[in-house]
Amino acid sequence: QVQLVESGGGLVQPGGSLRLSCAAAGSIGRIYAMGWYRQVPGKQRELVAGISSGGTTTYAGSVKGRFTITRDNAKNTVYLQMNSLKSEDTAVYYCNVRAASHYWGRGTQVTVSS
């Protein structure tokens with residue numbers, strides 16, 4: 001059974017930083033893409049950042065230059081470094097892993113507020 005274990009969310013002031021982690025545990029097999037999505041109440045889940053098995057990254061325009069996605073293939077882990085956080089970054093952040101199947105984490109709350 002595959003589980004995605006997320007950590008690193010919390011409350012931070014505007015301009016602050018947080019680092020999210022997501023580790024894939026279990027017999028997941030070969031991992032292709034990994035990514036982070038976010039969702040606020042009443043809105044669709046949106047892609048924040050993604051990274052391919054070869055390290056190619058993609059970002060939502062609203063986070064480009066502020067967020068950085070990386071992955072450790074040996075640990076089946078993906079990270080999201082979030083800097084210069086804004087109130088509009090407040091959301092539940094979900095990890096996504098594409099292997100033979102798609103897997104989702106349970107989500108971690110990020111709140112940016114003074």
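Select Cys22 and Cys95 to start: the torsion about their S-S bond is -80°, which makes the link left-handed. The sulfur atoms of this disulfide are 2.1 Å apart, and a disulfide here is a pair of cysteine sulfur atoms within 2.5 Å. Cys22 belongs to strand 3 and Cys95 to strand 9, so the link bridges distant parts of the chain, 73 residues apart. Strands (E, at least two residues) and helices (H or I, at least four) are DSSP runs, numbered from the N terminus. A search of the whole structure turns up one disulfide.

Before moving on, a word about what is on your screen. This is a predicted model, in which local features need pLDDT of at least 70 and side-chain atom pairs count only at pLDDT 80 or more, while totals for chains, interfaces and linings use all residues. Residues are numbered from 1 along each chain as its sequence is written, and side-chain values use heavy atoms, with hydrogens and water left out.

**Stop 1: around the two cysteines**

Are Cys22 and Cys95 buried or exposed? Cys22 is buried at a relative accessible area of 0%, and Cys95 is buried at 0%. Buried means under 20% relative accessible area, exposed over 50%, and partly exposed in between (1.4 Å probe, protein chains only).

Now colour strand 9 (91–98). Six of the eight residues in strand 9 are buried. Strand 9 pairs with strand 4 in the antiparallel sense over six bridges; two strands pair if DSSP finds at least two bridges between them. In that pairing, look for Trp36 opposite Cys95.

Strand 9 also runs antiparallel to strand 11, joined by three bridges, and Ala91 stands opposite Val110 there. With strand 10, strand 9 makes an antiparallel pairing over three bridges, and the two form a hairpin with three residues between them. Pick Asn96 and you will find its bridge partner, Trp104, in strand 10.

**Stop 2: the other cysteine's strand**

Show strand 3 (18–25) next. Strand 1 (residues 3–7) joins strand 3 through five bridges, and the two run antiparallel. Leu4 has Ala24 as its bridge partner in strand 3. Strand 3 also pairs with strand 8 in the antiparallel sense over six bridges, with Ala23 opposite Thr77.

**Stop 3: the nonpolar core**

Select Trp36, Val48, Phe67, Val78, Leu80, Met82 and Tyr93: these have the most contacts inside the largest nonpolar core, which has 29 residues. The elements that give two or more residues to this core include strand 5 (46–51), strand 7 (67–72) and strand 8 (77–82). A nonpolar core is a set of buried Ala, Val, Leu, Ile, Met, Phe, Trp, Tyr and Cys residues joined through side-chain atoms within 4.5 Å.

Zoom in on Leu80. Which residues is Leu80 in contact with, leaving aside neighbours within four places in sequence? Among them are Leu18, Leu20, Trp36, Val48, Phe67, Ile69 and Tyr93. Contact means heavy atoms within 4.5 Å.

**Stop 4: an aromatic pair and an arginine**

Tyr37 and Trp104 have ring centres 4.9 Å apart and planes at 65°, so the pair is edge-to-face. Rings of Phe, Tyr and Trp (its six-membered ring) pair if their centres lie within 6.5 Å; planes under 30 degrees apart count as stacked, over 60 as edge-to-face and the rest as tilted. Because Tyr37 lies in strand 4 (residues 34–39) and Trp104 in strand 10 (residues 102–104), the pair ties together parts 67 residues apart in sequence. Both are partly exposed, Tyr37 at 23% relative accessibility and Trp104 at 40%.

The charged end of Arg45 sits over the ring of Tyr94, 3.6 Å from its centre. That charged end also sits over the ring of Trp104, 4.7 Å from its centre. The rule is NZ of Lys or CZ of Arg within 6 Å of the ring centre and within 35 degrees of the ring normal.

**Stop 5**

Finish with Gly105, in the loop between strand 10 and strand 11. Gly105 is buried at 9% relative accessibility. Not counting residues up to four places away in sequence, Gly105 touches Leu4, Glu6, Tyr94 and Cys95.

Then select Asn76, in the loop between strand 7 and strand 8, where phi is near 50°, a positive value in a residue other than glycine. Ser84, in the loop between strand 8 and strand 9, has a positive phi of about 50° although it is not a glycine.
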